[in-house]
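The sequence and the structure are shown here first.

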Amino acid sequence: MKIIILGAGQVGGTLAEHLASEANDITVVDTDSERLRDLGDRLDIRTVQGRASLPTVLRQAGADDADMLVAVTNSDETNMVACQVAYSLFHTPTKIARVRESAYLTREELFDNDHIPVDVLISPEQVVTNYIKRLIEHPGSLQVIDFAEGKAQLVAVRAYYGGPLVGQQLRQIRAHMPNVDTRVAAIFRRDRPITPQGDTVIEADDEVFFIAAKKDIRAVMGELRRIDETNKRVVIAGGGQIGERLAEAIESRYQVKIIEMNPARCRYLSDTLESTVVLQGSASDRDLMLEENIADADIFLALTNDDEANIMSSLLAKRLGSRKVMTIINNPAYVDLVQGGEIDIAISPQLATIGTLLAHVRRGDIVSVHSLRRGAAEAIEAVAHGDSKSSKVVGKAIEDISLPPGTTIGAIIRDEQVLIAHDDTVIESGDHVILFVVDKKHIRDVEKLFHVGLSFF
């Protein structure tokens, strides 16, 4: 697939990295020659320096025969104009734009071929807000992913000493929970993936990914670790777009405080939010944190744009007694350094966003793609089409499907039913199939499984 990526920032660079390894023809456009040089040295891609919305620059990037344009520059307006130019002059089939400003996003009628021709809108702030909200709703989880509009969820937890299933074989899950159907999709032990088998023994500190119907998630978590108390008090450092959206989404269910440095922003947040307490000051101010009883906080969230400020305020909050600490980290090099120590969960906005983009780039009918373990693995929701003659999966039991190495099928969503995958489960046309891929070099093989042969047409 020939793809033009506008913007060599963190999202654009991460997307280029994902796609270049999958035999796509990638061109990245940016005004910053240094960023382009860095990407070009690391990846097998073309780079073009120039303003992303100019017709001459887009033509130079190969817009005449591009399959897709992904506009992820830092300017909403540049992204929208680039999509307009690609549609009007080059008839680019698929146009994806990152749009951050909520004033644009609330006017859906803006984005169609008669107005601004954007096929897919990506709002990183909303994606990250939803991601954090799910983590708050599931105390003890490291990652929570919705499939089929929330009917099924994939949850990552760290197995603790004393959990009922720690030291037990996976096949014991059914004996422990006869009324709950679940499947362990993957286990990461000391950062290495283990493909789960019936005789695999769960060890303490394993990172366990399991899939179940949404209503059963809490029961399964209780088998792997002690259930954390329900969250009540949430403190947010940073009243930017993510901090504001998150407070708005959770303030009716939790006691929320926002700490924000900017006085004008504080006034705005006080006027906009209903029950959230807004405090002006720095989350790195020890006296302020003590005064606001940070030791009583169930969750402290550092959501500013400054990685170093986020890390320092998180370490302080943990030291002063906050039960759980989550931190936004924009620099990927920092994520593995900080997660799992004093900081419980490091959130990478670009990795959270990248899944939304990948779902539209993947071949076959891919509904959603989620990056797991900081991009090391992927969870994919694909739709099976065709019949037993035209499809490699329809009409077959899971044990008879030739899955690529390191790939497991976790669940099937059929209409309103969540069917946890077993060897004798037969896939039907229209099923949403949830796959877990720990070796990303096999992504293309997974996509091919869901291609429909010509006999279907």
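This is a predicted model: local features need pLDDT of at least 70, side-chain atom pairs count only at pLDDT 80 or more; totals for chains, interfaces and linings use all residues.

Sorted by class, the lining of the second largest pocket holds 19 nonpolar, 14 polar and nine charged residues. The pocket has a volume of about 780 Å³, and 42 residues line it, with Arg-134, Ile-145, Ala-352, Val-369 and His-370 lying nearest its centre. At least two lining residues come from each of several elements, among them the helices α6 (124-137) and α14 (349-361) and the strands β7 (141-147), β11 (207-213) and β18 (366-372).

**Two open sheets**

Strands of a sheet pair through backbone hydrogen bonds, in either a parallel or an antiparallel sense. Two sheets of the model can be set side by side in a table.

| Strand order | Strands | Pairing |
|---|---|---|
| β7-β8-β11-β9-β10 | five | antiparallel |
| β18-β19-β22-β20-β21 | five | antiparallel |

The sheet with the order β7-β8-β11-β9-β10 is open, and its edges are formed by β7 and β10 (192-194), each of which has a single partner strand, so one side of each is left without a neighbour in the sheet. Ignoring direction, neighbouring strands of this sheet are turned by 20° against each other on average. Within the sheet, strand β8 (residues 152-158) and β11 run antiparallel and are joined by seven bridges, and Val-155 stands opposite Phe-210 in β11.

The sheet with the order β18-β19-β22-β20-β21 is likewise described as open, and its edge strands are β18 and β21 (417-420), each pairing on one side only. From one strand to the next, the twist of this sheet averages 20°. Six bridges link β18 to strand β19 (residues 377-383) in the antiparallel sense, and Ala-377 in β19 is the bridge partner of Leu-372.

**Strand β15 and its neighbours**

Which way do the residues of strand β15 (residues 299-302) point? Ile-299 and Leu-301 point one way, whereas Phe-300 and Ala-302 point the other way, and all of them are buried. Strand β15 pairs in the parallel sense with strand β12 (residues 233-237) over four bridges, and Val-234 stands opposite Ile-299 in β15. Four bridges also join β15 to strand β16 (residues 324-328), and these two run parallel; here Leu-301 stands opposite Met-326 in β16. Between β15 and β16 the chain passes through helix α12 (residues 307-319), and this β-α-β crossover is right-handed.

In the loop between α12 and β16 lies Arg-323, which is partly exposed, with a relative accessible area of 33%. This value falls between the cut-offs of 20% and 50% that separate buried from exposed residues. Arg-323 and Pro-178 are 145 residues apart in sequence, and their C-alpha atoms are 33 Å apart in space.

**An enclosed helix**

Why is helix α1 (residues 10-20) described as largely enclosed by the rest of the structure? Nine of its 11 residues are buried, and therefore the helix is largely enclosed. The buried residues of α1 include Val-11, Leu-15, His-18 and Leu-19, together with Gly-12, Gly-13, Thr-14, Ala-16 and Ala-20.

How values were computed. Residues are numbered from 1 along each chain as its sequence is written. Side-chain values use heavy atoms; hydrogens and water are left out. Buried means under 20% relative accessible area, exposed over 50%, partly exposed in between (1.4 Å probe, protein chains only). Two strands pair if DSSP finds at least two bridges between them. A crossover is right-handed if, with the strands pointing away from the viewer, the path from the first strand over the helix to the second runs clockwise. On a 1 Å grid over the protein atoms alone, a cavity is a set of points where a 1.4 Å probe fits but cannot get out, and a pocket is an open set with protein on both sides within 12 Å along at least five of seven lines; lining residues have an atom within 4 Å of a point. Grid points are joined across faces, edges and corners, and a volume is the space filled by probe spheres set on the points. Ala, Val, Leu, Ile, Met, Phe, Trp, Tyr, Cys and Pro count as nonpolar, Asp, Glu, Lys and Arg as charged, and the others, Gly among them, as polar. Axes are lines fitted to C-alpha atoms, for helices over the stretch in contact, and angles run from 0 to 180 degrees between N-to-C directions.
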